[in-house]
Amino acid sequence: MDETAEGRVGRIWPAVLVVAALGSLPYLSLIAANVGEGLDLAFVLWWWAITVAAGLAVVALVAWRSRGAARWIGAVLGVALFLFFNYPAVVDVRDRVGAPLTGLQWWLLVAAVIIALAIPLLRREKAQLFLAIWAPALLLLPLVQLLSAAPTAAAEETIVRESADAAFEPHPNVYWFVLDGLAGPPFLRQVGVETDGFVGSLEERGFHVQEQARSNYPFTHLAVASALDMEYLYDGVEEPGAGPFFERLQGDNRTVATLRANGYGYVHAYPGLWTGSRCAGLEDVCIGDHGPLSDTEWALATQTPLIELIVDEEASASIARSNDPVEVTRAVLDRAPPSPYFAFIHLINPHPPYYRDAACGLRDVAPVFAAWGEGPGYRDAVTCLFDRLDATVRRILEVDADPVIIITGDHGPRLGFSTETSGRVLLDGEMFFSAFSAIRLPEACRDLDVPDDLTFVNTFAIVLGCLTGSEPHLLPDRLFPIVRDY
């Protein structure tokens with residue numbers, strides 16, 4: 001007697017379990033690895049639902065015709081999903097054996113061989129049952145990681161800056177360029193960057209370049225948030241979750257509030273690839289949504305072969321343009337509200353991937369954000385960036401009579417670190433805290449004393465001291481080494 005459709009479906013539980021588990025694993029792992037990091041959870045859950053639903057639909061369709069075929073096809077489909085979402089691990093094997101193939105070619109070869117071997121093996125019921133137990137067990141590690149993760153609270157603020165909320169007459173526009181990973185002149189010279197030309201050009205235009213400036217933290221979310229709040233927001237050693245600090249980067253901070261209370265508009269420009277500093281609706285003008293992918297989309301795509309298809313020359317050019325200070329400043333000047341306004345301009349440059357060479361030509365590079373290299377790529381990226389920043393400053397001064405312009409690096413580079421770095425690393429050396437800093441104040445404030453060893457947290461105390469005509473109240477300089485797990 002023929003088996004009913006209900007019976008066919010009811011007895012394919014191993015296939016259902018394998019597809020559901022291995023279709024869920026990459027998304028659960030991504031969520032667990034990014035607790036408190038501002039992950040776009042709706043996007044991740046949407047693609048999780050699509051992946052699992054599509055896999056189960058295939059199993060159900062096959063089961064409608066043949067329960068036996070559905071069990072082994074579901075098992076093979078689970079193996080294919082596992083290979084698809086472990087693209088970096090497969091390519092890492094290629095690098096270790098030195099195979100002369102592209103990442104995509106190697107992955108296709110490995111996937112074809114493994115699936116060809118898996119098909120006859122997974123036709124056996126014992127193999128299907130083993131996989132049905134093994135696949136859900138893989139979910140335990142990210143589940144434990146997710147359940148044990150606790151958001152790290154920021155340190156309590158212990159110093160109140162009384163002058164920060166002082167009233168003043170709105171005067172100059174304020175432009176703040178935050179360059180991701182731009183070190184100070186002493187360290188840049190160590191890696192071969194010629195700094196004299198750019199520094200001299202800035203000084204001719206009224207900038208004070210702080211030769212010994214440093215960041216207070218070796219990470220963007222900590223350094224920029226503390227600078228905008230003009231307070232030390234974290235005093236621990238373990239790297240905290242970034243989420244509590246993203247709100248500061250997105251406009252909910254003391255600097256923006258103080259300037260707004262004194263009649264300033266707010267322009268917010270972010271690099272798009274990293275949504276930690278995305279627009280949050282608090283700004284008058286948003287310059288963003290650059291590049292082909294958000295950081296959440298990027299994090300997911302880089303786990304799959306799709307990254308080889310998404311990131312091509314056109315996409316690389318888009319990313320490079322969206323992080324070009326000349327292009328972004330043009331958009332700011334075209335769309336800015338009536339003066340006075342504060343323009344916060346965060347650019348990924350010179351953080352990898354290094355899409356520009358020293359002459360600002362487009363390079364064909366892998367979209368790896370951790371690929372700091374040993375120095376040459378970083379050196380060339382900074383050389384190009386200096387040329388573009390010089391043109392940016394000239395353009396602003398052509399149309400803006402006497403503005404405040406601040407050019408800072410949020411932290412130093414990670415030269416020598418790569419995706420192969422592993423273990424717990426204490427980021428406490430000169431390289432991590434070295435940060436470029438150059439401040440142009442209006443003519444009326446040129447005699448204001450700006451310390452040559454200014455640290456990031458005191459940047460806007462200097463600016464507000466100028467605007468209020470008062471002596472800046474600077475916090476004691478503190479550097480906070482942070483441990484990161486690589």
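Q: Which residue with a positive phi follows α11?
A: In this predicted model, helix α11 is followed by a residue whose phi is near 60°. That residue is not a glycine, and it belongs to the loop between α11 (220-229) and α12 (243-249). Most residues other than glycine have a negative phi. The residue in question is M230.

Q: Is M230 buried or exposed?
A: A residue counts as buried under 20% relative accessible area and as exposed over 50%. The relative accessibility of M230 is 0%. M230 is therefore buried.

Q: Around what arc of the axis of α17 do its buried residues lie?
A: In helix α17 (residues 325-335), P325, V326, V328, T329 and V332 are buried. These residues are on the same side of α17, because the arc that they cover around the axis is only 165°. An α-helix has 3.6 residues a turn, so residues three or four places apart point the same way. The arc asked for is 165°.

Q: Which residue has a side-chain oxygen that reaches the backbone nitrogen of V326?
A: V326 is among the buried residues of α17. At the start of this helix, a side-chain oxygen comes to within 3.0 Å of the backbone nitrogen of V326. The oxygen belongs to D324.

Q: Where is the proline that is joined to S339 by a cis peptide bond?
A: The bond from S339 to P340 has omega near 0°, and is cis. Most peptide bonds are trans. P340 is located in the loop between α17 and β5 (341-350).

Q: What is the relative accessible area of C360?
A: C360 is found in the loop between β5 and α18 (376-399). Its phi is positive, about 70°, although C360 is not a glycine. With the cut-off for burial at under 20%, C360 is buried, at a relative accessible area of 18%.

Q: Which residues are in contact with Q250, leaving aside its neighbours within four places in sequence?
A: Q250 has its place in the loop between α12 and α13 (254-261). At 10% relative accessibility, Q250 counts as buried. Its contacts beyond those neighbours are Y266, H268, T275, G276, S277, R278, A280 and L282.

Q: What is the area of the nonpolar surface patch that contains L117?
A: L117 lies in helix α6 (residues 103-121). It is exposed, with a relative accessible area of 60%. Together with L101, L109 and V113, L117 makes a nonpolar surface patch of about 340 Å².

Q: What distance separates the C-alpha atoms of P476 and T455?
A: P476 lies in the loop between α20 (459-468) and β9 (482-485), and is exposed at a relative accessible area of 51%. P476 and T455 are 21 residues apart along the chain, and the separation of their C-alpha atoms is 9.2 Å.

Terms used: Residues numbered from 1 in each chain as written. Predicted model: local features only at pLDDT ≥ 70, side-chain atom pairs only at ≥ 80, totals over all residues. Heavy atoms only, no water. Buried < 20%, exposed > 50% of the residue type's maximum accessible area, 1.4 Å probe, protein only. Helix = DSSP H or I, 4+ residues; strand = E, 2+ residues; numbered from the N terminus. Arc of directions from axis to C-beta. Polar contact = N/O pair within 3.5 Å; in protein donor to acceptor, adjacent residues only side chain to side chain. Patch = residues over 30% accessible without salt bridge, like charges linked within 9 Å, V, L, I, M, F, W, Y side chains within 5 Å. Areas by Shrake-Rupley, 256 points an atom, 1.4 Å probe, with all protein chains shown as cover. Salt bridge = Lys/Arg side-chain N within 4 Å of Asp/Glu carboxyl O. Contact = heavy atoms within 4.5 Å.
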